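I opened the file to look up a few residues and note what I found. The entries follow in the order I made them.

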Amino acid sequence: MRTPALLLLLLQGAPDAGSPQGVDGEWWTADRSARVRITCRDDGCGGRLSWLRDEADGGVSRDDENPDPRLRGRRLLGLEVLTGLRRTTDGDFEGALYDPTDGATYRGRVTVTGERTLTLRGYVGLPLFGRSETWTRAD
């Protein structure tokens, strides 16, 4: 008796959402004004701005809100906005999230919520005092 190919696919299941492969890839921000490429290596994950609506329209976006005056002229495209993401015991990732719209760096948590979605929560102090947004896989 042959096992149908569909059954084999179902038995294999979807990729583990908590695996680095679950966050690796290109992601649309919630408002689709930017895409972030998340890359994981043995030492953790990070994410860089890979596309910006402003730049697609011919402009050049700068890090104008950065608290360090020496960094305000740097270009946003290619800027690392997710740093030091490490897997937690519950399968999420924690690290630092830089928000170029206000120039602040927040503690953050990234949770893969589906095959094509993840939720970022940036906060100061406790996660209770923060903001979340959902990103959608672009690739």
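I looked up S61 and found it in the loop between helix 3 and strand 4, the strand that spans residues 80–87. This is a predicted model, so I take every value here as computed from it.

I then checked how covered S61 is. Its relative accessible area is 10%, so S61 is buried, the cut-off being under 20%. Setting aside neighbours within four places in sequence, I listed the contacts of S61: L52, D54 and E55, and also R74, R75 and L76.

Next I turned to helix 3. The helix covers residues 53–56, and R53 belongs to it. For R53 I read a relative accessibility of 36%, so R53 goes down as partly exposed, because that class lies between the 20% and 50% limits. Beyond four places in sequence, R53 is in contact with D31, R32 and S33. I also took the C-alpha to C-alpha distance from R53 to R35, which is 8.9 Å across a sequence separation of 18 residues.

How many disulfides are there? I counted 1 disulfide. C40 and C45 are the two residues it joins, with an S to S distance of 2.0 Å. The torsion about their S-S bond is about 105 degrees, so I noted the disulfide as right-handed. Are its two cysteines buried or exposed? C40 has a relative accessible area of 15% and is buried. C45 is buried as well, at 7% relative accessibility.

I went on to the surface. Which residues form a nonpolar patch there? I found L126, L128 and F129, which together have about 370 Å² of accessible area. Of these I looked up L126 in detail. L126 lies in the loop that runs between strand 7 (117–123) and strand 8 (130–137). Its relative accessible area is 52%, so L126 counts as exposed, the limit being over 50%.

Last, I checked the confidence. The average pLDDT of the chain is 86, and 85% of the residues score at least 70. Where does pLDDT stay under 50? I found this over residues 1–19. For that stretch the model has 10 contacts beyond four places in sequence.

Key
Residues numbered from 1 in each chain as written. Predicted model: local features only at pLDDT ≥ 70, side-chain atom pairs only at ≥ 80, totals over all residues. Heavy atoms only, no water. pLDDT = per-residue confidence, 0-100. Contact = heavy atoms within 4.5 Å. Helix = DSSP H or I, 4+ residues; strand = E, 2+ residues; numbered from the N terminus. Buried < 20%, exposed > 50% of the residue type's maximum accessible area, 1.4 Å probe, protein only. Disulfide = S-S within 2.5 Å. Patch = residues over 30% accessible without salt bridge, like charges linked within 9 Å, V, L, I, M, F, W, Y side chains within 5 Å. Areas by Shrake-Rupley, 256 points an atom, 1.4 Å probe, with all protein chains shown as cover. Salt bridge = Lys/Arg side-chain N within 4 Å of Asp/Glu carboxyl O.
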